[in-house]
Amino acid sequence: MTKSIGTRAKASGGGAPAAIGAARNGAKTLLIEYLHGLGGVGTMGAISKYYHGYRGGFTKEVPEGSSWAIESRMEWWRKEVRKPGGEIWFGTLGCGSVCEGDRVRGVVVAGPFGRGVVLAKTVIDSTGNADIAAAAGAECVYTDGTDIAVQGTGLPPRELGASYRNTDFTITDETDMVDVTSLFVYAKRKYSRTSFDQGRLIDTRERRRIVGEVTLNIPDMVTGRTYPDSIVKSQTNYDTHGYTVDPYLAMQMLSKRKSVTTWTPYRALLPKGLRGILVTGLGISVHRDSVPLIRMQPDLQNQGYAVGTAAAMVRDLGGEPRKVDMAKLQKHLVAKGILPETMIGAKDTFPLPDRDYEKAAAALASKPENLGLLMTDPKRSAPHLRKALAAATAPEARLRIAQTLAMIGDPTGIEEVIQAVRKAETWDKGWNYRAMGQFGNNMSPLDTLVYALGRSGDASTVSTILDKVALLDATVDFSHHRAVSLALERLRPPAAAPALAALLAKENMSGHALSNVGKAMDAHTKLDGSLTALAPRRNSLREIYLARALYRCGDHDGIGKRILETYLDDVRGHFARHAAAVLAGKK
Ligand SMILES: Cc1cc2nc3c(=O)[nH]c(=O)nc-3n(C[C@H](O)[C@H](O)[C@H](O)COP(=O)(O)OP(=O)(O)OC[C@H]3O[C@@H](n4cnc5c(N)ncnc54)[C@H](O)[C@@H]3O)c2cc1C
């Protein structure tokens, strides 16, 4: 079957707003959704409440205020898509793309009536997972060998009469069918005594993302970078559901109380090298640490509407999203209340002038908040930081500057950092992996110093790090294990391998892979039957970090390799994906 359509918005978290934006602005629109209700996480995922997010713009017209009944919200989306003539295909899965060279021409679909192809002038991929863009060959970012950090995943119970159920009890890769199937099975056991049923949409907060023409990252966002093609304003505190990986955040975490306003440029929604397609929601081009800043429903609804409008605007221009008249689009978004007028044609505030880095480095000792700016361009910051270190006299100031230099790979002040770590004879209070309700630091002050030793690249720091490894066992907080692992894998000293192997041999340090659904069930009932089930994640992550560091330091009697191999079969797809990439030597 082949069907032709003007604009095809696929899937419905941000997909329904995109379809509404497209249809209202005159595009022939088809919305494809594999479940039987629109709204994504906000309805089928039972997250029927806003949390932060800018409530103006298109979001303002969505009824019921900041919390809603799932069924009535789904129906509102359906009606609003239909009113201007949008079509909806429920129970239809987007499972491939139709391309001519680098031009996406449509989507392969599978539904109740079989498989077929929908051709479209513009495809909007709102799967939240960049499914269609990935199928079209878009470069994507997802868990690889670089690190293992994913916000916690949930799957809501359905309790009669209840609506909102926010959960976070595992880490799921919804591109991995073993993971998806296992989760549905062990969650069923988890909820068997308390619930009527469970949700059908896995609530992942972090997913596969495209590499777009611009990628949002934390230092740029916290320093308020604006763009000439901003189309959405996001506004939220920093709800990380786990730990972060950006070195800036290791030294200076964003506060729970602070609401951060950021801007998303249109180019972050355009997969590099592909034409005819736009991506919305959690699948856009954004560093994983930045996802919590853009992911709130009010903001993604505005984003979806903006994208649908853009697609309608280019329908007479061959449907190519890059041809959009940005000034016209932004004007429309201002009228809709999505953007403030000041964003029309605003300048890209980057690159910053060199004097900004010079000033920020010179004042870093008294103004720790300057760190964000310095981390936007470590290469340009380094010479100014070295100058600031030479001029500083107070020990605290010298340590802050020296640590910053070490973090960006410059060992100029490494001796001060070594001495600070040596002075601490025991570990300080660490951070013991949590996901739900995780705000603030995920490393202790000593963790960040140890991490800085490794990032400096200076081999003279190894013995200092190994002194701290000797103090670890399974009763010690997760963040200390993570800090030494991150530091040692940077330096890769063979001398660290026996120490890491000895640590992994200590009681309860290894054997935490969940290689089949039975083990996953036990982990979620016997080991930690709580709603947040932190123990299975914490134990595995600690084991993976240490085994990875061991493997990268040259291994010891093949222990690191053997442990990583046990994770190749882990039902939690991110762990399997990560272990495979580390063993394959990929970074
Ligand atoms: C557990 C959890 C709690 C959260 N808490 C809050 C909160 O309290 N307040 C808040 O504002 N935000 C919250 N968020 C954030 C927000 O809900 C999500 O970031 C947002 O819904 C993501 O939107 P999306 O469009 O990217 O994806 P989704 O909402 O997941 O929408 C994707 C849609 O696409 C469909 N789909 C996927 N793949 C295909 C395919 N191949 N073919 C056809 N259809 C497909 C899905 O069925 C779904 O309808 C939470 C998120 C989670 C996971």
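Me: How many disulfides does the count come to?
Reply: Zero disulfides, by the sulfur distance rule. Keep in mind that this is a predicted model.

Me: Where does cysteine 99 fall: buried, exposed or in between?
Reply: Cysteine 99 is partly exposed, with 33% relative accessibility. Cysteine 140 is partly exposed too, at 26%.

Me: Switching to strands. Which way do β5 and β6 run, parallel or antiparallel?
Reply: Antiparallel, with six bridges between them. β5 covers residues 103–111 and β6 covers 114–125. They make a hairpin, and two residues lie between the strands. Glycine 111 has glycine 114 of β6 as its bridge partner.

Me: How does β6 pair with β13?
Reply: In the parallel sense, over three bridges. β13 is residues 277–279. There, valine 279 is the bridge partner of aspartate 125.

Me: Now helix α22. Which of its residues are buried?
Reply: Gly560, Ile563, Leu564 and Tyr567, in a helix that spans 559–567. They sit on the same side of α22, because they cover an arc of only 100 degrees around the axis.

Me: Why would that spacing put residues on one side?
Reply: An α-helix has 3.6 residues a turn, so residues three or four places apart point the same way.

Me: What do the buried residues of α22 pack against?
Reply: Three helices: α19 (496–504), α21 (534–552) and α23 (573–583).

Me: Aromatics next. How many pairs does the structure hold?
Reply: 14 aromatic pairs. One of them joins tryptophan 76 and tryptophan 77. That pair is edge-to-face, at 5.3 Å centre to centre with 70 degrees between the planes.

Me: Are those two tryptophans buried or exposed?
Reply: Both tryptophan 76 and tryptophan 77 are buried.

Me: Which residues form an aromatic cluster?
Reply: Tyr243, Trp431, Tyr433, Phe478 and Tyr545 form one.

Me: Last topic, charges over rings. What does lysine 233 lie over?
Reply: The face of tyrosine 54, 4.5 Å from the ring centre. Lysine 336 has its charged end over the ring of tyrosine 305, at 5.3 Å from the centre.

Terms used
Residues are numbered from 1 along each chain as its sequence is written. This is a predicted model: local features need pLDDT of at least 70, side-chain atom pairs count only at pLDDT 80 or more; totals for chains, interfaces and linings use all residues. Side-chain values use heavy atoms; hydrogens and water are left out. Two strands pair if DSSP finds at least two bridges between them. Helices (H or I, at least four residues) and strands (E, at least two) are DSSP runs, numbered from the N terminus. Buried means under 20% relative accessible area, exposed over 50%, partly exposed in between (1.4 Å probe, protein chains only). The arc is that of the directions from the helix axis to the C-beta atoms. Contact means heavy atoms within 4.5 Å. A disulfide is a pair of cysteine sulfur atoms within 2.5 Å. Rings of Phe, Tyr and Trp (its six-membered ring) pair if their centres lie within 6.5 Å; planes under 30 degrees apart count as stacked, over 60 as edge-to-face and the rest as tilted. A charge sits over a ring if NZ of Lys or CZ of Arg is within 6 Å of the ring centre and within 35 degrees of the ring normal.
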